[in-house]
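My entries follow in the order in which I checked things.

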Amino acid sequence: MKKNYSGKPFRRGRDSNDFSRFQHKNKNVPAKETSTESFAERQEKIRFAANTGKTYEGKYLLLDSGNGRKLEMVGSLRLIRPALNAFWKPTLPESEWNKADAEFRREPGTGGGIWTWKVPQPGPEEWTTLWGGVFLAVKPTNFGHVGFFAEQAPNWEFMRECVKEIGGHPKTLNLFAYSGGATIAMAQAGADAVHLDASNGIIEWAKKNQSKNPASKDRIRWICDDAMKFVAREERRGSKYSGIVLDPPSFGRGSQGQVWKIEESISGILQSCRKILDLEHSCFLVLSCHSQGFSPTSLGRILAAEFPEAASCIEYGEMTVPETDFKGVKKENRVLPAGMFARFFLKK
Ligand SMILES: C[S@@+](CC[C@H](N)C(=O)[O-])C[C@H]1O[C@@H](n2cnc3c(N)ncnc32)[C@H](O)[C@@H]1O
């Protein structure tokens, strides 16, 4: 076991799905089952959605990965997107990949890329999927994102468990909150969650997601601001939170153009988070990122340096998405790595 500078051990590489630290049984939010549809059935749904403007639902499944790409069911649609770290060979035959409804390909030098849809072009603007117990509005973006990071689901479950363990309606804060998966997960478990993002458009997306998840209703406060500025203001006000979640980008801009660079800003924001995390009582913090130059160990050390009292309960590792068959049954030893996390639940 690794030691941090304080001499206390901290836990290395626990599976992000392992919730054995919690006494009570891990209760998942019930997920809707979907059957495997044929290509023709899915195309019919796309046509229906395009003609009526209605959305349709289905679970998210990572079906396969390899040769730098991944094959996913996102709701009722089968997509191919880049997975640059999938250096291995796919397991499904090419015929299954050929049944994809759309593929996103990067365009070198543009920072973005292009979606190519099979009939009908240009594909649906928006639809809904269910993942990690959260209904999510899905939109294909020019960056190849669809509006959620599937690898965050175990973190969402960790947050739910922490909120339930603390009990009542603990106050939690989600910084860089994006489309709100973590905010909704915490609110579903009973938290009064503050959702902060620098982009109004993204907050509207998160509100739409909230409307699809009634259990989180009336539990979320929406704030469009710069993360650093907001945390400093909360510190001055003497606000305290029982849980803080941060998934910072490598580079970003606050609501008034403030520059965020993860390597320069991470330590400062955690120092401020320390001042507003209620360390006198049971509390939790989840930090994740996808940034080059960081590793699970470095995230673990950053947290141990800022929160030495929590060092022995810090766990860290790679975020991954499990590959499954068409029914959602996990395949042995087939996970797709996607970023890293470090987190702790400090029980008092
Ligand atoms: C979810 S995070 C990035 C996720 C992932 N870690 C990655 O690297 O792609 C991106 C979110 O942070 C928000 N953001 C960027 N800079 C910000 C800032 N200074 N303050 C608050 N939110 C910010 C963006 O609007 C966006 O919704």
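Helices (H or I, at least four residues) and strands (E, at least two) are DSSP runs numbered from the N terminus.

I noted that this is a predicted model, in which local features need pLDDT of at least 70 and side-chain atom pairs count only at pLDDT 80 or more, while totals for chains, interfaces and linings use all residues. Residues are numbered from 1 along each chain as its sequence is written.

**Overall.** I found eight helices and 17 strands in the chain, and of its 348 residues 42% count as buried.

**Helix 4.** I looked up residues 181–188 and found that eight of the eight residues of helix 4 are buried, so this helix is largely enclosed by the rest of the structure. Among the buried ones are G181, T183, M186 and Q188. Just after helix 4, I saw that G190 takes a positive phi of about 115°.

**A177.** I placed A177 in the loop between strand 9 (171–175) and helix 4, and I recorded A177 as buried, with 27 other C-beta atoms within 10 Å. Leaving out residues up to four places away in sequence, A177 touches A182, T183, H195, L196, D197 and A206, where contact requires C-beta atoms, placed from the backbone, within 7 Å. A177 and A198 are 21 residues apart in sequence, and their C-alpha atoms are 8.9 Å apart in space.

**Ligand shell.** I listed 18 residues around the ligand, of which F176, Y178, A198, A227 and G252 come nearest; a residue is near if its C-beta atom, placed from the backbone, lies within 6 Å of the molecule. By class, the shell has eight nonpolar, six polar and four charged residues (Ala, Val, Leu, Ile, Met, Phe, Trp, Tyr, Cys and Pro count as nonpolar, Asp, Glu, Lys and Arg as charged, and the others, Gly among them, as polar).

**Core.** A nonpolar core is a set of buried Ala, Val, Leu, Ile, Met, Phe, Trp, Tyr and Cys residues joined through C-beta atoms within 7 Å. Of the 87 residues in the largest such core, M159, M186 and L285 touch the most other members. Helix 3 (residues 153–166) gives the most to this core, with seven residues. Domain 1 (11–27 + 149–346) and domain 2 (39–131) both give residues to this core, so the core lies between them; the domain bounds come from an automatic or database domain assignment.

Conventions. Buried ≥ 20, exposed ≤ 12 C-beta atoms within 10 Å, placed from the backbone. Contact = placed C-beta atoms within 7 Å.
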